[in-house]
Amino acid sequence: MDRRERRLTVAFLLLLPLLSISCAAHQKTTVSWCVLSDAEEQKCLDLAGNATARNIRGTLECVRGEDTKDCLDKIKDGKADAASMFADDIYAAGLCHGLELAAGESHNGEDGYSYYVVAMARRSSSDLSLLEMHERSSCHPGIRTTVGWTVPIGYLVNTSQISIGEQCNFPRAVGNFFGYSCVPGVKDVQHDPKGNNPKNLCEACIGDDNDRHICANNPRERHYGESGALRCVAENLGDVAFVKHSTIFDNLDGKNQESWALDLEQEDLKLLCPDGTEANLDEFEHCHLAAVPANAVVVRVEDKCRNAFGNANEGFRLFSSAGYGKSNVLFDDDTHHLQRVLGSYTSWLGPTYTTVLQAFECEAAFFPTGFC
C-alpha cells in the first residue's frame with residue numbers, strides 16, 4: 001500500500017462508524033484510539049464491537065494512555081492513531097507535537113464553538129472596566145482551567161495589563177496585579193511546589209462551612225468551580241468572576257437551591273466587555289473574552305483526510321454516555337454531529353482563542369509540566 005492509499009485508509013478508519021469518508025480503503029487496517037479512563041476504554045471497546053458487528057472494513061483498537069500528554073506522545077510516535085481532546089490540548093498537540101485535526105464536534109449543528117468565556121460583575125459596580133482591573137478582586141473557577149485561568153489571564157497579558165517577566169511566573173504576576181482573588185488550587189503542591197505562589201490569590205476563598213479547605217481545588221471550597229466563582233461575586237467578595245456564558249442561567253429560577261442563589265436575578269449582574277464597555281448577560285456573543293471551540297479529534301498530519309464525511313453511526317449512541325457512569329465519555333454528550341476540519345488546528349481554535357493561548361508559550365521552555 002503506498003503512502004497516499006494508507007493516508008486515505010487511516011482517515012476512513014479513524015472514527016469507523018463515526019465518519020463516512022469517500023476515500024475508500026481496499027485493505028483491512030487497524031486503527032488505535034487513545035483513551036484515558038475505564039469509562040472511555042469501555043465505550044471504545046463497545047464502539048469497536050459495533051463496527052465489527054456491522055462488518056465495517058478495518059478494526060478499531062483501544063490504547064490506554066496515562067494522561068493527555070501520554071496520548072499525544074503515543075499518536076506522534078505511531079503507537080496510537082487518534083484521540084478526542086479539549087481545546088487547550090489541541091493547541092499543545094499542534095504546537096508541541098506537530099499533530100493535526102481530522103474532525104471536530106458541533107454542539108449547535110452550525111459551528112464548532114462550545115461556549116463563551118465572559119467576565120461577570122454586579123450591576124451595582126459602576127466603576128469597573130476590564131481595561132482597568134489593577135488592584136481589583138477576582139473570582140476564578142480554578143487554577144489552570146480554561147475558563148478561570150487560561151482565557152482571562154491570557155487576555156490580561158495580551159492587553160499589556162499583566163507583565164509575566166523573564167521567569168514566566170504567571171501566579172506571581174497575577175498576584176501582583178489583583179488586590180485579592182480566589183483561585184482554587186493555586187497553593188496546591190502540584191501548582192506551587194516551592195510554596196511561593198502569592199497568598200492573596202486565596203484571600204477571596206472561604207473554604208467549607210467549618211472554615212476548612214480554604215482555596216482547595218475541589219467543591220469543599222465553596223467558591224470552587226463556575227457556580228462558586230459566581231457566588232464569590234454575588235456575595236460581594238470579588239469584583240469580577242470569570243465563567244462560562246451559561247453559568248448565570250444555570251443558577252437562576254430555582255436551578256440552584258443554595259441560599260446565595262435563591263434571590264439572585266439576571267438583572268443583578270452584567271458582563272464586562274474586552275473593549276471596556278458593559279453589556280447585558282444575554283449579549284455574550286459580542287461581549288466575551290474568547291469563544292472556546294469544542295473538542296476535536298487529534299491525528300498525525302499524514303492521517304488527516306480532507307474529504308467529506310457524515311455520521312454513519314447507526315446502532316451506536318456515539319454522543320451518549322448513558323451506562324458508562326460518567327458524562328462526556330469520548331465525546332461531549334451535547335454534540336450534535338461531527339464536522340470535518342479543513343484547515344489547520346489553529347483554524348479550529350480561532351484567532352482570538354489562539355492568541356490567548358500564545359500568551360502561555362513561555363511555559364513550554366521553563367516548566368516540564370507546562371504547556372508542552
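This is a predicted model: local features need pLDDT of at least 70, side-chain atom pairs count only at pLDDT 80 or more; totals for chains, interfaces and linings use all residues.
Helix H3, residues 68–76, lies across strands S3 and S12, running at about 135° to S3.

S3 and S12 belong to an open sheet of four strands in the order S3-S12-S4-S13, with antiparallel pairing. Strand S3 (83–85) and strand S13 (337–340) stand at the edges with a single partner strand each, so one side of each is left without a neighbour in the sheet. From one strand to the next the twist averages 35°. Strands of a sheet pair through backbone hydrogen bonds, in either a parallel or an antiparallel sense. Here, strand S4 (residues 100–106) and strand S12 (residues 296–299) are joined in the antiparallel sense over four bridges. Within that pairing, Leu101 has Val298 of S12 as its bridge partner.

Met120 touches Leu230, Val233, Asp239, Val240, Ala241, Val243, Ile248, Leu269, Lys270, Leu271 and Leu281, when residues up to four places away in sequence are not counted.

Leaving aside neighbours within four places in sequence, Ser106 is in contact with Asp111, Thr335, His336, His337 and Gln339.

A parallel pairing is found between strand S1 (residues 30–35) and strand S2 (residues 59–64). S1 and S2 pair in this sense over six bridges, and Thr30 stands opposite Thr59 in S2. S1 is mostly covered, with five of its six residues buried.

Two helix contacts involve helix H11. The axes of helix H4 (residues 87–97) and helix H11 (residues 351–358) come within 11 Å and cross at roughly 70°. An angle from 65 to 115 degrees counts as roughly perpendicular, and therefore H4 is roughly perpendicular to H11. On the H4 side the contact is made by Ala87, Asp88 and Tyr91, and on the H11 side by Tyr353, Thr354, Leu357 and Gln358. These residues divide into four nonpolar, two polar and one charged.

The other contact brings in helix H5 (residues 146–158), which packs against H11 at an angle of about 85°, with the axes 8 Å apart. H5, too, is roughly perpendicular to H11. Thr146, Thr150, Val151, Gly154 and Asn158 in H5 meet Tyr353, Thr355, Val356 and Leu357 in H11. The residues of this contact comprise four nonpolar, five polar and no charged.

The backbone has some points to check in the loops. Most residues other than glycine have a negative phi. Cys215 has a positive value, with phi near 75°, in a residue other than glycine. Cys215 is placed in the loop between strand S7 (180–182) and helix H7 (225–234). Its relative accessibility is 5%, so Cys215 counts as buried. Asp253 likewise has a positive phi, of about 55°, although it is not a glycine. Asp253 lies in the loop between helix H8 (247–250) and helix H9 (259–262). What is the accessibility of Asp253? With a relative accessible area of 75%, Asp253 is exposed, whereas Cys215 is buried.

The remaining values describe the protein chain as a whole. Its secondary structure comes to 12 helices and 13 strands. Of the 372 residues in the chain, 55% are buried. Among contacts with a separation of 6 or more, 71% are between residues 24 or more positions apart. The pairing of S4 (residues 100–106) with S12 (residues 296–299) and the contact of H5 (residues 146–158) with H11 have been described above.

Note on methods
Residues are numbered from 1 along each chain as its sequence is written. Side-chain values use heavy atoms; hydrogens and water are left out. Two strands pair if DSSP finds at least two bridges between them. Axes are lines fitted to C-alpha atoms, for helices over the stretch in contact, and angles run from 0 to 180 degrees between N-to-C directions. Contact means heavy atoms within 4.5 Å. Angles under 35 degrees count as roughly parallel, over 145 as roughly antiparallel, 65 to 115 as roughly perpendicular and the rest as oblique. Ala, Val, Leu, Ile, Met, Phe, Trp, Tyr, Cys and Pro count as nonpolar, Asp, Glu, Lys and Arg as charged, and the others, Gly among them, as polar. Buried means under 20% relative accessible area, exposed over 50%, partly exposed in between (1.4 Å probe, protein chains only).
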